[in-house]
Amino acid sequence: MSETITAAAARRTALAAQGFADARPTGPPTRRHLAKVLSRVQLLQLDSVNVAVRAHYMPVFSRLGAYHPALVDDAAWTHTARKPRLLVEYWAHEASLIPVADWPLLRWRMRRYEHRYIHHLERMTAKAPGLIDDVLAAVKELGPVGAGTLETALGGAIVPKVKGGWWNRSDVKHACEWLFAVGELTTGTRRGFQRLYDLPERVLPPDVLGAAPVSDEEAARQLMLRAAVAHGIGTEKDLRDYYRLQPARSQQAVAELVEEGLLEAVTVQGWRHQAYRHVDARTPRKVTGRALLCPFDPLIWERDRTERMFGFRYRIEIYVPEPKRIHGYYVFPFLLDGELVGRVDLKADRANGALLVQGAFAEPGADTARVAGELMAELRTMAAWLELDEVRVGARGDLSAALRTG
């Protein structure tokens, strides 16, 4: 029979796995601190929304406190002999920064995309013969280079330049995205948030690029093991979601990892499904400290698990019409001493130097005065990190009045 643990113990295990049981550095965070965060979370999700802060920067702040964003930029988009690149972009949970060494573990996805979108490729090349080869040649010559620059460079010879947004992109942009998906292009660097494409051989080290092929089964096993490290404890579905694996592969991987003694089957009180704990996961007696979590923080991105573990129902309301939003456009849950005790709708007003709290809400049963005081302290830390001069609190939400006096 499997061991039975309480839901509270499972929650502390998950928080420790994600780094929330560790004290923040007393001095300025360094590359060593970043590497420790990455060893826990395994990947950082990318997202285009910049209403408060880019998604890939915030999880590091949540765990380390104020740090220089160049730590992440250098790890992801620069390479020197002294500071080799730590991260590379690819589709993992969603668009993500993953450890460079994990690139070979996602070649199965590259092959799957190549097969899935073969008809799209055929339509593209029928309309613009030679497009793929010309894009690769242009990237080789110009890279790292953005799709817009490539479109300008190639548009006159291949296809008229197309104006418009996401649903009306030129064939050149479609070609870049297809080549990125199948691993023939990657991100050399970013300018602002614009992806600048480059050839993998100019981004990845030779030992990674030339690594021996990994079977689909072994890749799933390794990715599920990484997911277990990041979770500490979770159901098979929780672990599978971290890298968006197929159930047949993930279920086989879990069975093998249990048999090898790398995962332990445990029963969590109140959970409907079997849980699996990483053999090295630790369960601290208590978790203290505070953190604001962006909507794409890996602790909470699987919403069912967040509700099961914290009793906290959370949905992103970006795509909900404003009159129907409950909490706001871009809401950050607030973690305090191992519990999600509130949420704030944040916006960085960079023109006026203010972090705007457009709504603030306490969870049922929370100590409003204490939550408000701790939350305001963390908001001030975040504002200073974003180089904003003040925190302005609006009137919306049951925590707003206490937050203004906190």
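**Close-up views of a predicted model**

Glutamate 260 is partly exposed, with a relative accessible area of 42%; buried means under 20%, exposed over 50%, and partly exposed in between (1.4 Å probe, protein chains only). This is a predicted model: local features need pLDDT of at least 70, side-chain atom pairs count only at pLDDT 80 or more, and totals for chains, interfaces and linings use all residues. Residues are numbered from 1 along each chain as its sequence is written, and side-chain values use heavy atoms, with hydrogens and water left out.

**View 1. Glutamate 260 sits in the loop between H13 and strand E9 (263-268).** Helices (H or I, at least four residues) and strands (E, at least two) are DSSP runs, numbered from the N terminus. From glutamate 260 to glycine 27 the C-alpha to C-alpha distance is 40 Å. In sequence, glutamate 260 and glycine 27 are 233 residues apart.

**View 2. Helix H13 covers residues 247-259.** H13 has 13 residues. From first C-alpha to last, H13 reaches 18 Å, close to the 18 Å expected at 1.5 Å a residue. The expected span is 1.5 Å times one less than the number of residues in the helix. Ser250, Ala253, Val254 and Leu257 are buried in H13. Seen down the axis of H13, its buried residues fall within an arc of 100 degrees, so they line one face of the helix. The arc is that of the directions from the helix axis to the C-beta atoms. Ala248 and Glu259 are exposed, on the face of H13 turned away from its buried side.

**View 3. Phenylalanine 180 and tyrosine 197 form an edge-to-face aromatic pair.** Rings of Phe, Tyr and Trp (its six-membered ring) pair if their centres lie within 6.5 Å; planes under 30 degrees apart count as stacked, over 60 as edge-to-face and the rest as tilted. By this rule the count comes to ten aromatic pairs. For phenylalanine 180 and tyrosine 197, the values are 6.5 Å centre to centre and 75 degrees between the planes. The pair links distant parts of the chain, 17 residues apart. Phenylalanine 180 is in helix H9 (residues 171-181), and tyrosine 197 is in strand E7 (residues 194-198). Phenylalanine 180 and tyrosine 197 are both buried. Ring pairs also link Tyr90, Trp103, Phe180 and Tyr197 into a cluster.

**View 4. Tyrosine 242 and tyrosine 243 pair edge-to-face.** The ring centres of tyrosine 242 and tyrosine 243 are 5.8 Å apart, with the planes at 70 degrees. Tyrosine 242 is buried, at a relative accessible area of 1%. Tyrosine 243 is buried, with a relative accessible area of 1%.

**View 5. Arginine 54 places its charged end over the ring of phenylalanine 193.** A charge sits over a ring if NZ of Lys or CZ of Arg is within 6 Å of the ring centre and within 35 degrees of the ring normal. For arginine 54, the distance to the centre of the phenylalanine 193 ring is 4.2 Å. Arginine 343 lies over the face of phenylalanine 312, at 3.9 Å from the ring centre.

**View 6. Arginine 11 and glutamate 339 meet in a salt bridge.** A salt bridge is a side-chain nitrogen of Lys or Arg within 4 Å of a carboxyl oxygen of Asp or Glu. The whole structure has 31 salt bridges. Arginine 11 and glutamate 339 meet at 3.1 Å, N to O. Arginine 11 lies in helix H1 (residues 7-17) and glutamate 339 in strand E13 (residues 339-349), so the pair ties together parts that are 328 residues apart in sequence. Arginine 11 counts as buried, at 14% relative accessibility. Glutamate 339 is partly exposed, with a relative accessible area of 32%.

**View 7. Arginine 63 and aspartate 297 form a salt bridge between their side chains.** The N to O distance is 2.9 Å. Arginine 63 is in helix H3 (residues 58-64). Aspartate 297 is in the loop between strand E11 (290-292) and helix H14 (303-310), 234 residues apart from arginine 63. Both arginine 63 and aspartate 297 are buried.

**View 8. Cysteine 176 and cysteine 294 are buried.** Cysteine 176 has a relative accessible area of 0%. For cysteine 294 the value is 1%. A disulfide is a pair of cysteine sulfur atoms within 2.5 Å. A search of the whole structure finds zero disulfides.
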